[in-house]
Structure formats: C-alpha cells, structure tokens
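Look over the model below before reading on.

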Amino acid sequence: MDAGWAPSGGRGLVWLPILKTSCCISNLGKRSSLLRLQEDTTNWYLNMGNLLKVLTCTDLEQGPNFFLDFENAQPTESEKEIYNQVNVVLKDAEGILEDLQSYRGAGHEIREAIQHPNDEKLQEKAWGAVVPLVGKLKKFYEFSQRLEAGLRGLLGALTSTPYSPTQHLEREQALAKQFAEILHFTLRFDELKMTNPAIQNDFSYYRRTLSRMRINNVPAEGENEVNNELANRMSLFYAEATPMLKTLSDATTKFVSENKNLPIENTTDCLSTMASVCRVMLETPEYRSRFTNEETVSFCLRVMVGVIILYDHVHPVGAFAKTSKIDMKGCIKVLKDQPPNSVEGLLNALRYTTKHLNDETTSKQIKSMLQ
C-alpha cells in the first residue's frame, strides 16, 4: 500500500492510503515528484469521486459515510461487555419471529363460544384455546421490554463521549451491527403483527372472559400468568399498529430525556449516520458487491427505515424537514429502486408510523414520493 495527499471537502489535503488497484494508481508509483503524485491523486479523486467520498467520509453534504460490515463485524475487547448483554436478548429474536409467524389464533373457538353463550363445553373449549395463546402474547411483550433494555445499553455506548457518533459507529461496528439487528427484528415483528388481527381478537376475548369469571367468582386458569396490571400494559402494547417500533421510539426518547448531560445531537447524529451509511451501501455498486448474503440488502433497507422513524420521533423537527441530517429523497429513491413487492411494507412504515411526514415543513416533493 502507498499513500498520497488528497483534497478533503474544504479541509485542505489529507494523507490517504492508496491501494494499487487501477492503472491510474499504479502509475503513481512510477513518479518520483510529490507534486506530480499530488496532481495525479487529485485526478483520481475526481474520477472516483463517489467511492472515495464514501471511504474517506469527506462528503459534507451527504454526511459521514463508510462501509459498515453487517455480515462479519466482531466485537473488540472494549465492546464485549455491552455486546454480550445484548447478544443474550438477540439470540431469542428469531424464535420470537417464528412463534409470531405461526400464530393462528383461536378465532373459530371464540366465534362458537360467542354464538352459543349457554354451551359450557364451547366456553371451556374457547378458554382452553385462548389461554396458551395469551401465554405467547405475554412472551412477545416481555421480549419487547428486554429489547428496550438492550437498545438503551447500545445507545449509551454509541453516543458517549469523547467520540462522535460517526467515530463510534466506525470503531464499534459489532455494536452498530447489534443496533441494526434490533431495528431489523422490530420491523419484521411489526409487519407480521399488522397482518394478524387474531392477536388483538384473542387478547380482547381473554380479558372479557377473565372479567366475567371474576364477577362470577369462577377460578380462572391462566390469571396468575397474566394478572390485571400486566394485561393492561399488554393491551396498550398490542393496541399499537407497530408495537415494537413504538417501544423503541419511546425508549430512545426516554434515553434522551434522562441523559440531560448528553446533547440530543449525539443520539440523532447516531441515527442519521446509520441511515446515511445504509443508503450509501445500497446505492454504491462497489459497496453492494461486498455483500455475500442476498438477505443483507433487505436487512439494510429495514435498518435504514427503522433509524429514519426513530430519528423522526426523537428529533424536534423530525426527519423530513430541510434541516434534517437524513437525505430523505435519497433514502426514498433507494427504496423505490427495489422490486415493489419487497418494500411496500417499508414505504408504508414511513407513511404511517412517522411523526412529521404531514408537517408543513415537509416538502411537497417528499410527500408526493411517498404517495
């Protein structure tokens, strides 16, 4: 590897490592003059502009961009404590999604019980079908609380001084990957929940039946598992269209409010940087070609949308304002460049779960792009 001086977005010249991977760069080694080296490096910079801007994080308009290795990032010694704590939570995420995907509900049994209110056998059958399902719903809800705690731990690590959020994400890629995995899980969970009305129907029936049993002093199997206080909290959780996203948004907002000594920009810059990194990796062929797993594209898309939504909920003016540090037009374009069926759920997430899309400060162009 050789090195040379290259312009740095209005900051003068910086010393950059130059890989001999093209005829332009290999020719540089044949010249002895530093001036000539500088001149040729400048020409190479101009020709390879977008890629070099991504690699050196010098494009001020696009924001700090670099390759984040979502596939292979491993924790350094300094990351291990937080990484291991979050890993305990994330190892259960796939099982939660599988349980949710296979959730069929007790619709038939509930309808039979409601249509024949005096048939005790049908009442018992419906109750017997609903109780284990509510046990699953309890498990999903409790996992959301564990996920919230994991997110708060990651936010604490990725926004702490003395490093900037960009430096954190570059230096602590394993933690950034875990943050991304939480967002990826969250959007997948909410997509499945939104298309499964049985969840709310089952839980509503459970609560109505439990209330009736109490009035009649009938012992209720399962009441000890989900008491009234927990049932109230679960009811609020499942009433949300996107309950996991709401949990993370509230957790991020709470993190900002509880850490008064930490500028809000530390958190919002962490989110905007992550959005920028995902967008650039998706739209830059040199980066996209590094993905060895085809699922990494959908992973990046979900993470990008997830951090946009969090940013929009936490930042005072949101993600869609002109002053936002997220290139919303660029992000929406990346989404629309994908096969339509694969991203409709993500576009809907931007349309319906963001906070500031319909503000007057949102440009008509962005609104029309999401129509």
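Cysteine 278 is buried, with a relative accessible area of 0%. The model is a predicted one. Cysteine 300 is also at 0% relative accessibility and counts as buried. The structure holds zero disulfides. Cysteine 278 is in none, and the nearest cysteine sulfur to it belongs to cysteine 300, 4.8 Å away. Cysteine 300, likewise in no disulfide, has the sulfur of cysteine 278 as its nearest, at 4.8 Å.

Turn next to helix 7. This helix has 39 residues. From first C-alpha to last, helix 7 reaches 57 Å, close to the 57 Å expected at 1.5 Å a residue. At its start, aspartate 119 makes a contact: one of its side-chain oxygens comes to within 3.1 Å of the backbone nitrogen of lysine 121.

Now the second largest pocket. Its volume is about 290 Å³. Which residues lie nearest its centre? They are Glu120, Gln123, Thr209, Arg212 and Met213, out of 11 lining residues. Helix 7 (120–158) and helix 10 (198–215) are the elements that each give two or more residues to this lining.

Terms used. Residues numbered from 1 in each chain as written. Predicted model: local features only at pLDDT ≥ 70, side-chain atom pairs only at ≥ 80, totals over all residues. Heavy atoms only, no water. 1 Å grid on protein atoms, 1.4 Å probe; cavity = no way out; pocket = protein on both sides within 12 Å on 5 of 7 lines; lining within 4 Å. Points joined across faces, edges and corners; volume = space filled by probe spheres on them. Helix = DSSP H or I, 4+ residues; strand = E, 2+ residues; numbered from the N terminus. Disulfide = S-S within 2.5 Å. Buried < 20%, exposed > 50% of the residue type's maximum accessible area, 1.4 Å probe, protein only. Expected span 1.5 Å × (residues − 1). Polar contact = N/O pair within 3.5 Å; in protein donor to acceptor, adjacent residues only side chain to side chain.
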